[in-house]
Every structure is written in structure tokens, then in C-alpha cells.
Amino acid sequence: MKAGLRDLIMERMHILVQNAISNARRNPELAERQAILAKKMSMKYRVRMPYELRMNFCKKCKKFIVPGFTARIRVGRSDVKSIRITCKFCNHTYRKIIKKSSIS
Ligand SMILES: [Zn+2]
């Protein structure tokens with residue numbers, strides 16, 4: 001792969017997912033298409049989607065989910081900081097651990 005192409009793909013994926021998130025409420029169909037495009041790009045160029053983008057895809061049904069819209073976010077109250085993301089399409093809940101920012 002050409003040097004710099006990977007960066008370009010990364011940037012494009014970010015833009016697509018960000019656009020998809022902002023379009024989700026107004027135009028869910030467009031958002032879905034943009035999300036799928038980002039995913040296809042990731043597969044075609046074998047560029048792994050960064051974590052913050054993958055968070056917007058349900059781990060179970062693989063649908064594009066938007067926090068606060070098609071996904072419910074709950075903050076856990078245990079010692080380990082975590083958030084629970086519930087997909088509104090398949091109702092699957094998964095936990096995301098947020099690393100402690102301060103080391104005690
Ligand atoms: Zn799901």
C-alpha cells in the first residue's frame with residue numbers, strides 16, 4: 001500500500017462516520033449508507049477501523065448505532081468505570097470499560 005493512502009482512508013472513514021452521526025436524526029437512510037461506506041472502505045483497503053469509530057457499530061447485529069439515538073448509553077457505577085451500550089435494533093448490551101485516568 002502506498003504511503004499516505006492509509007492516512008487518507010483513515011481520514012475518510014472518520015469523516016464518513018462523523019457525517020453519519022450528524023445525519024442520523026434527520027436522514028437515517030443517508031447515515032446508514034455513509035456508515036456502510038466507511039465499513040466497506042475499511043475492508044477494501046484492509047485498514048482497521050479505529051476503536052472510536054467501531055464503537056458506533058453494534059457488536060452483535062453490526063448495525064450502525066448512534067449514541068443517544070439508536071443506542072442507549074448507561075454509565076456503570078462500579079469501581080471500574082464503564083459504560084453500557086444498548087443497541088436499539090437487536091437489544092444487545094455490551095460494556096465498554098473506560099480506563100481510569102488517574103493511577104492510584
Ligand atoms: Zn445490535
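User: Going along the sequence, what pattern does the chain follow?
Analyst: Read along the sequence, the pattern is α-α-α-β-β-β, that is, three helices and three strands, where helices (H or I, at least four residues) and strands (E, at least two) are DSSP runs numbered from the N terminus. This is a predicted model, in which local features need pLDDT of at least 70 and side-chain atom pairs count only at pLDDT 80 or more, while totals for chains, interfaces and linings use all residues. Residues are numbered from 1 along each chain as its sequence is written, and side-chain values use heavy atoms, with hydrogens and water left out.

User: OK, and which protein donors does the zinc ion have?
Analyst: The zinc ion has C58 (SG), C61 (SG), C87 (SG) and C90 (SG) as its protein donors, at 2.2 to 2.4 Å; donors are N, O and S atoms within 2.8 Å of the metal (3.2 Å for Na, K and Ca), and water is not among the atoms, so sites may look incomplete.

User: How are those donors spaced along the chain?
Analyst: Their spacing is C-x2-C-x25-C-x2-C. C61 sits in the loop between α3 (51–54) and β1 (71–75) and C87 in strand β2 (residues 82–87), so this pair ties together parts 26 residues apart in sequence.

User: Is C87 buried or exposed?
Analyst: C87 is buried, at 0% relative accessibility, whereas C61, at 30%, counts as partly exposed. Buried means under 20% relative accessible area, exposed over 50%, and partly exposed in between (1.4 Å probe, protein chains only).

User: Switching topic, how much of the chain counts as buried?
Analyst: Of its 104 residues, 33% count as buried.
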